[in-house]
Amino acid sequence: MSVLKKTALTAAAATLLPALIAAPAYATAHNGAASAAADRTAAADRTDQKGQKAQKAQKGQQGQQARKKQPAPPAAMSTVGGTLLGKPGTQVKLGAGAPVLPAGLSARSWIVADAESGDVLASHNSHWRLPPASTMKMLFADALLPKLPKTDSHKVTWKDLEGVGSGSSAVGVKEELTYTVHDLWLGVFLVSGNDAVHVLSAMNGGIDKTVQEMQEHAEELQALDTQVVSPDGYDAAGQVSSAYDLTLIARSGLQKKDFREYAATAEAEFPGRMVNGKRETFAIANTNRLLTGDGVAPYPGVAGVKNGNTSQAGATFTGVAERNGRVLLVTVMNPDSGERQAVYKETSRLLDWGFAAAGKVTPVGELVAPRSAKPPVGAGPDKHTDQTERTRAAAAAKEKEQSSGGVATALAIAGGVLVVLACGAFVVNRRWPRRRA
């Protein structure tokens with residue numbers, strides 16, 4: 001089977017104009033009947049239009065009432081990363097020349113952060129504990145990727161697939177067939193396959209062990225809003241995370257080469273059935289619409305990370321994008337505007353704002369370092385004052401860029417080839433922000 005080609009919008013070679021056909025002349029005797037019929041049709045159209053307007057108005061009122069009934073964020077939330085992040089509502093400190101935040105943001109929670117420095121440029125209820133849906137798979141991948149060699153293979157049993165939630169997303173893993181770890185990670189990242197998550201969990205020693213390791217890893221990252229119940233993010237009582245935590249997790253995952261490559265893969269081939277002794281494959285495409293442009297405009301410079309959608313969580317998304325050497329992370333949780341693909345459109349607007357506002361806003365907080373991260377030698381109390389350390393980090397970043405040829409850009413290659421975010425200093429020489437007391 002041929003590799004799935006990336007969808008592209010192209011202009012038509014020619015435009016076909018509808019032909020204008022004159023109505024036939026009726027006999028005078030029919031004019032009255034035709035006129036009456038036309039009057040009745042026009043009256044019906046007016047009635048129908050009024051009905052449609054009334055229905056739209058009623059739906060709009062119902063939507064506004066539904067939004068008003070949504071639960072309010074807690075009055076006090078975690079202050080990890082800064083005291084302002086623990087306050088409900090929008091937190092932003094605009095400086096001279098800074099653009100205002102986009103209008104019409106409807107997400108319950110969101111955050112815009114600089115992936116390299118860790119500065120939080122703006123946030124809205126960023127520590128509100130909410131169901132994460134499949135964005136939880138970022139934590140699953142960050143915890144397990146180093147443990148499972150991608151060339152290892154596993155023959156799937158029925159027991160491996162036990163507990164996959166009814167109606168949950170799946171890549172199409174089948175019992176009695178063998179898959180490599182690489183195959184399964186493609187299924188996790190591209191189509192959010194819960195079946196692939198369960199098989200990888202089985203290879204890791206089981207669901208319970210995997211959940212425990214994910215929870216321990218979340219605590220190591222100081223993602224303390226996160227409670228793991230199911231490794232795939234399927235709705236489960238007590239399973240929560242936050243926009244802040246998901247951004248921390250994404251930032252950690254993006255330090256890993258395999259994580260970056262899987263998250264930025266637009267399309268791939270996945271193993272199918274055995275036919276006449278030969279393994280068939282079928283095409284899979286990434287459900288991250290800002291990467292593939294499926295139903296929304298692809299975002300320039302985007303390179304992951306993960307989307308999710310369940311009945312309890314609504315739509316959730318964490319995205320990373322680069323522009324002019326700056327890498328931003330945005331997480332959006334449960335927008336309720338009613339706009340189609342709202343989670344992607346609100347993410348795009350926040351990314352646009354973040355790139356325009358960078359350097360013109362005072363950070364409202366920071367993405368903290370993992371517990372085990374050691375502060376740089378000679379670090380003072382203010383992360384912005386240690387010029388020596390900044391100079392050393394910049395020199396190391398430049399050396400890395402020259403040796404690897406890497407620049408902070410997303411390389412989009414169609415035809416099933418991996419799309420890699422080569423983040424240079426962000427990935428390899430990134431200096432963790434200092435922890436605040």
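In this predicted model, residues 24 or more positions apart account for 68% of the contacts in the protein with a separation of 6 or more. The protein has 11 helices and 13 strands, and buried residues make up 46% of its 437 residues.

**Aromatic pairs**

A search of the whole structure finds 7 aromatic pairs. One of them joins Phe140 and Trp185, whose rings are tilted, with 5.4 Å from centre to centre and 50° between the planes. This pair links distant parts of the chain: Phe140 belongs to helix H2 (residues 137-144) and Trp185 to helix H3 (residues 181-191), 45 residues apart. Are these two residues buried or exposed? Phe140 counts as buried because its relative accessibility is 0%, and the cut-off for burial is under 20%. Trp185 is likewise buried, with a relative accessible area of 0%.

Another pair is formed by Phe189 and Tyr262. Their ring centres lie 5.6 Å apart and their planes meet at 20°; planes under 30 degrees apart count as stacked, so this pair is stacked. Here too the pair links distant parts of the chain, since Phe189 is in helix H3 and Tyr262 is in helix H7 (residues 257-263), 73 residues apart. Both Phe189 and Tyr262 are buried.

The two pairs are set out below.

| Pair | Centre to centre | Angle between planes | Arrangement |
|---|---|---|---|
| Phe140 and Trp185 | 5.4 Å | 50° | tilted |
| Phe189 and Tyr262 | 5.6 Å | 20° | stacked |

Ring pairs link Phe140, Trp185, Phe189, Phe259 and Tyr262 into a cluster. A ring may also face a charge: the charged end of Arg279 sits over the ring of Tyr179, 4.9 Å from the ring centre.

**Nonpolar cores**

In soluble globular proteins, nonpolar side chains tend to be buried together. Which residues of the largest nonpolar core touch the most other members? Among its 66 residues, they are Val173, Trp185 and Phe189. Helix H3 supplies the largest share of this core, 8 residues. Beyond its neighbours within four places in sequence, Phe189 is in contact with Ala141, Phe259, Tyr262, Ala263, Asn286 and Lys306.

**Helix H9**

Helix H9 (residues 342-357) has 16 residues, and at 1.5 Å a residue it should span 22 Å; its end C-alpha atoms are 22 Å apart, which agrees. H9 is mostly covered, with 12 of its 16 residues buried. Among the buried residues are Ala342, Tyr344, Glu346, Leu350, Trp353 and Phe355. Just after H9, Gly359 takes a positive phi of about 85°.

**Gln91 in strand S1**

Gln91 is placed in strand S1 (residues 90-92). Why does Gln91 count as buried? The relative accessible area of Gln91 is 11%, and burial requires a value under 20%, so this residue is buried. A polar atom of the Gln91 side chain lies 3.3 Å from the backbone oxygen of Pro88. When neighbours within four places in sequence are left aside, Gln91 is in contact with Leu84, Ala122, Ser123 and Val364.

Conventions. Residues are numbered from 1 along each chain as its sequence is written. This is a predicted model: local features need pLDDT of at least 70, side-chain atom pairs count only at pLDDT 80 or more; totals for chains, interfaces and linings use all residues. Side-chain values use heavy atoms; hydrogens and water are left out. Rings of Phe, Tyr and Trp (its six-membered ring) pair if their centres lie within 6.5 Å; planes under 30 degrees apart count as stacked, over 60 as edge-to-face and the rest as tilted. Helices (H or I, at least four residues) and strands (E, at least two) are DSSP runs, numbered from the N terminus. Buried means under 20% relative accessible area, exposed over 50%, partly exposed in between (1.4 Å probe, protein chains only). A charge sits over a ring if NZ of Lys or CZ of Arg is within 6 Å of the ring centre and within 35 degrees of the ring normal. A nonpolar core is a set of buried Ala, Val, Leu, Ile, Met, Phe, Trp, Tyr and Cys residues joined through side-chain atoms within 4.5 Å. Contact means heavy atoms within 4.5 Å. A polar contact is a pair of N or O atoms within 3.5 Å; within protein, one must be able to donate a hydrogen and the other to accept it, and residues adjacent in sequence count only if both atoms are side-chain atoms. The expected span of a helix is 1.5 Å times one less than its number of residues.
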